[in-house]
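Thanks for coming, everyone. Please have a look at the structure, and then I will walk you through it.

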Amino acid sequence: MTIAASEPISVQSSITVAPQSGYTGAEISGVDLSQELSDEVIAEIRRALLKWKVVFFRDQTIGHAEQIAFARRFGRVTPAHPYEENPPEGFPEILPIDSRRYDKLYGRKRTSYDSSWHTDVTALINPPAFSILRADILPPYGGDTAWTNLVAAYENLPQELRDFVDTLDAEHTFENRAAAGSDRNRVIGNKPLRTFHPVVRVHPETGERALFVSPGFTRKAKSIRGFSPRLAGHLLEALWEEATRTEYTVRFRWQPGSVAFWDNRATSHLAISDAGHLDHDRVLYRVTLEGDVPVGVDGRSSESLEGEPFYGS
């Protein structure tokens, strides 16, 4: 399906896919996520998602159960998070992104666990394929989220640089940001996650190549196989700068009933930290779908250093 970036395209006369920027993001209307959707509608959503990397839905009235049911139409839903021990009762798949919880984790007010560019839990050998985030409680302003298109970032690199980074592997580590002495700190320390992933991964559905580094998980190690930490750090900084160029990004303003659905194999995202100082809560709920083991351009697979695969059901 080809969607022009300049105008909305109607699909099956009921769904509208409206691109939100030149490279990244589309808003889908004409879909009620509280209902059981047909296979044809699910297929159209998936096609739009693979093209635009993140899709948005507005004015949805759904809870945990409906969010999980919708996610299952696209794959196996994982537990909330490798380190999550307190999901909502009865919903082990739900990860609360809750500013009220972060006061205890960090000892200060903030609106998200990670306020740097990242792709979800890439320290796993099989990072999530997709994530779905639903808004619940929002500040009256601020607290937006941005996504960037890692396929576009890779494709616009000079050919010589693409050939070079195709051969590299980077270490992804789950960095412990919880307060010292906290229960979460101990859990993370007892279950470390470290994986070498190809710096460029081949998307298993589209065949596209995408940069696969992000500050959230490759910052601490600053490790590219065969490189000194100093050189690895400089190279990663350069790739991050390219990957987050404004033209590859889309910024989404959350509203009550908003849902974002993104492809972790082709995007990084950023919870914009402009609302932590405000006296307002921000609560969203995320589910993730089981991912595959990334594969590089030459067919090599990722290599786990610590930690087990994360499976769904």
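Let me begin with a term. Buried means under 20% relative accessible area, exposed means over 50%, and partly exposed is in between, with a 1.4 Å probe and protein chains only. Lys53 has 3% relative accessibility, so Lys53 counts as buried.

Now the ground rules. This is a predicted model, where local features need pLDDT of at least 70, side-chain atom pairs count only at pLDDT 80 or more, and totals for chains, interfaces and linings use all residues. Residues are numbered from 1 along each chain as its sequence is written, and side-chain values use heavy atoms, with hydrogens and water left out.

One more term. Helices (H or I, at least four residues) and strands (E, at least two) are DSSP runs, numbered from the N terminus.

Back to Lys53. Lys53 sits in the loop between H1 and E4. Most residues other than glycine have a negative phi. Val121 also has a positive phi, near 50°. Look for Val121 in the loop between helix H3 (99–106) and E6. Val121 has a relative accessible area of 4%, so Val121 is buried.

Next, the nonpolar cores. A nonpolar core is a set of buried Ala, Val, Leu, Ile, Met, Phe, Trp, Tyr and Cys residues joined through side-chain atoms within 4.5 Å. How many residues does the largest core have? It has 31. Ile28, Val31, Ile45, Phe57, Phe70 and Phe261 have the most contacts inside this core. Several elements each supply at least two of its residues, including strand E2 (15–19), helix H1 (39–52), helix H2 (64–72) and strand E15 (283–289). Which element gives the largest share? H1 does, with six residues.

Zoom in on Phe57. Contact here means heavy atoms within 4.5 Å. Leaving aside neighbours within four places in sequence, Phe57 is in contact with residues including Ile28, Val31, Ile45, Phe70 and Phe261. There is another core, apart from the largest one. That core has 23 residues, among them Ala152, Ala153, Ala232 and Leu235.

Stay with helix H1 for a moment. Ala48 is found there. Ala48 has 0% relative accessibility, so Ala48 counts as buried. The C-alpha atoms of Ala48 and Val17 are separated by 7.2 Å, and the two residues are 31 residues apart along the chain.

On to the aromatics. Rings of Phe, Tyr and Trp (its six-membered ring) pair if their centres lie within 6.5 Å; planes under 30 degrees apart count as stacked, over 60 as edge-to-face and the rest as tilted. There are 13 aromatic pairs in the structure. Take Phe174 and Phe217. Their ring centres are 5.8 Å apart and their planes are at 50°, so this pair is tilted. Phe174 lies in the loop between strand E8 (169–173) and helix H6 (183–190), and Phe217 in helix H7 (residues 215–218), so the pair ties together parts that are 43 residues apart in sequence. Phe174 counts as buried, at 6% relative accessibility. Phe217 counts as buried too, at 5%.

Compare Phe252 and Trp254. Their pair is edge-to-face, with 5.0 Å centre to centre and 80° between the planes. Phe252 is buried at 3% relative accessibility, and Trp254 is buried at 8%. Ring pairs link Phe252 and Trp254 with Phe56, Trp147 and Trp262 into a cluster.

Some rings have a charge over them. A charge sits over a ring if NZ of Lys or CZ of Arg is within 6 Å of the ring centre and within 35 degrees of the ring normal. The charged end of Arg201 sits over the ring of Phe212, 4.8 Å from its centre. Likewise, the charged end of Arg225 sits over the ring of Phe196, 4.1 Å from its centre.

Last topic: a sheet. Two strands pair if DSSP finds at least two bridges between them. Three strands form an open sheet in the order E8-E9-E16, with antiparallel pairing. Which are the edge strands? They are E8 and strand E16 (303–306), and each pairs on one side only. Five bridges join E8 to strand E9 (residues 194–198). One example: the bridge partner of Asp169 in E9 is Pro198.
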